[in-house]
Amino acid sequence: MIIVMASRKKEDIDRVVERIQEFGYQAHLIEGVERTVIGAVGDERGKDRLQSLESLPGVESVVRILKPFKLAGRELRKEDSVYHVGSAQIGGGRFCVMAGPCSVESREQIIETACLVKESGAAVLRGGAYKPRTSPYSFQGLEEEGLHLLQEASRAAGMPFVTEVMNPEQVPLVEEHADILQIGARNMQNFGLLKAVGRTRKPIFLKRGMMSTINELLMSAEYIMSEGNHQVILCERGIRTFETETRNTLDLSAVPLLKKYSHLPVVVDPSHATGHWELVIPMARASVAAGADGIMVEVHPRPAEAFSDGAQSLKPEKFKKLMAEIQPILKALGKTL
Ligand code: PEP
Ligand code: MN
């Protein structure tokens, strides 16, 4: 339920919050530019009791949230969510480019890549220390050492970094090192993991499962937010279809749909969506045009030698080209890097 306040007085707001909590619900205060609303979120079964809040001083109305995702939805929060992570901004008119290798392979590789992508205008470094691989015999990542190397590279280049966390036990260590925690496509519905990252205070980069609907992605964001962490970034990274020419099928319509249903920033990953480096630049351009708040792109100084996802990794000069090609589209939309 949404409690729309007519008043912005602290005592009126506190009274409503107290009553919501007495009813056994969580109260989420959202102070927008135009109005203050309080979201009452919890067990659906007792929601009728919340209607009585309408009689409290300072309350304008009590409205039911129709969508199953409450905290992630536009009904509760009209304004776009914007996060500041070090020097980077995600959402709100600035286009955030996250770039780096699929996996951290060595100190030299990650520092070299970080400096090159930063030079071309990337705002966030990406790189996997814990890798979810289809085969247990494939490279699994440098793990804790990878986190230290990412930290070193991110400091050297002067940019924050995002890296994947694969299970709840890894959360404290990854939270300690990373600026943004990534939940990979394969873990989008690992509810224990979603709850664990929901208890951290770092932004969460949530990738859409390869067989998940838009509604399911938003419900996974809701799991994270219901634990208290409201800084979620949604990522469209392609879904599995009958098409075999590409690794996945980029569902670009997810971008305007997610932006319609949710206030959370939306980022597209054209690398995992296509699986081929030649398709990354055109799909990156299309992502900007579709209204995404950013892109996540795999870049490797020598893709042929990459430990993982070399076929979809851009060489640094191609990444530079990508950055140049998205500029006129950003300008037409009134956005900046
Ligand atoms: C990744 O970003 O390295 C990754 C494994 O992506 P996804 O979870 O989308 O497959
Ligand atoms: Mn990858």
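User: What should I know about the numbering and the values before we start?

Analyst: Residues are numbered from 1 along each chain as its sequence is written, while chains are lettered from A and ligands numbered from 1 in the order in which they are written. This is a predicted model in which local features need pLDDT of at least 70, side-chain atom pairs count only at pLDDT 80 or more, and totals for chains, interfaces and linings use all residues, and side-chain values use heavy atoms, with hydrogens and water left out.

User: What makes strand 1 and strand 3 a pair?

Analyst: Strands are DSSP runs of E with at least two residues, as helices are runs of H or I with at least four, both numbered from the N terminus, and two strands pair if DSSP finds at least two bridges between them. Four bridges join strand 1 (residues 2-5) to strand 3 (residues 36-41), in the antiparallel sense, so by that definition they are a pair.

User: How do strand 2 and strand 3 pair, and what joins them?

Analyst: Six bridges hold strand 2 and strand 3 in an antiparallel pairing, with E31 opposite T36 of strand 3, and a hairpin through four residues leads from strand 2 to strand 3.

User: Why are strand 2 and strand 4 described as edges?

Analyst: The open sheet has four strands in the order 2-3-1-4, paired antiparallel. Strand 2 (26-31) and strand 4 (59-63) each have a single partner strand, so one side of each is left without a neighbour in the sheet. Neighbouring strands here are turned by 20 degrees against each other on average, direction ignored.

User: What packs on this sheet?

Analyst: Helix 1 (residues 10-22) touches strand 1, strand 2, strand 3 and strand 4, where contact means heavy atoms within 4.5 Å. The direction of helix 1 makes about 10 degrees with that of strand 3, using axes fitted as lines to C-alpha atoms, for helices over the stretch in contact, with angles from 0 to 180 degrees between N-to-C directions.

User: Why is S81 called buried, and what does S81 touch?

Analyst: Buried means under 20% relative accessible area, exposed means over 50%, and partly exposed lies in between (1.4 Å probe, protein chains only). S81 has a relative accessible area of 7%, and therefore is buried. This residue sits in the loop between strand 4 and strand 5 (83-85), and touches I90, G91, H263, L264 and P265, not counting residues up to four places away in sequence.

User: Which strand is mostly covered, and on which faces?

Analyst: In strand 3, six of its six residues are buried, with T36, I38 and A40 on one side and V37, G39 and V41 on the other.

User: What makes C102, H272, E298 and D309 donors of the manganese ion?

Analyst: Donors are N, O and S atoms within 2.8 Å of the metal (3.2 Å for Na, K and Ca), and sites may look incomplete because water is not among the atoms. The atoms C102 (SG), H272 (NE2), E298 (OE) and D309 (OD) lie 2.0 to 2.4 Å from the manganese ion (ligand 2), so they meet that cut-off. H272 lies in helix 8 (residues 270-274) and E298 in strand 14 (residues 294-298), so the pair ties together parts that are 26 residues apart in sequence.

User: How do you know whether H272 and E298 are buried or exposed?

Analyst: H272 counts as buried because its relative accessibility is 8%, and E298 counts as buried at 0%.
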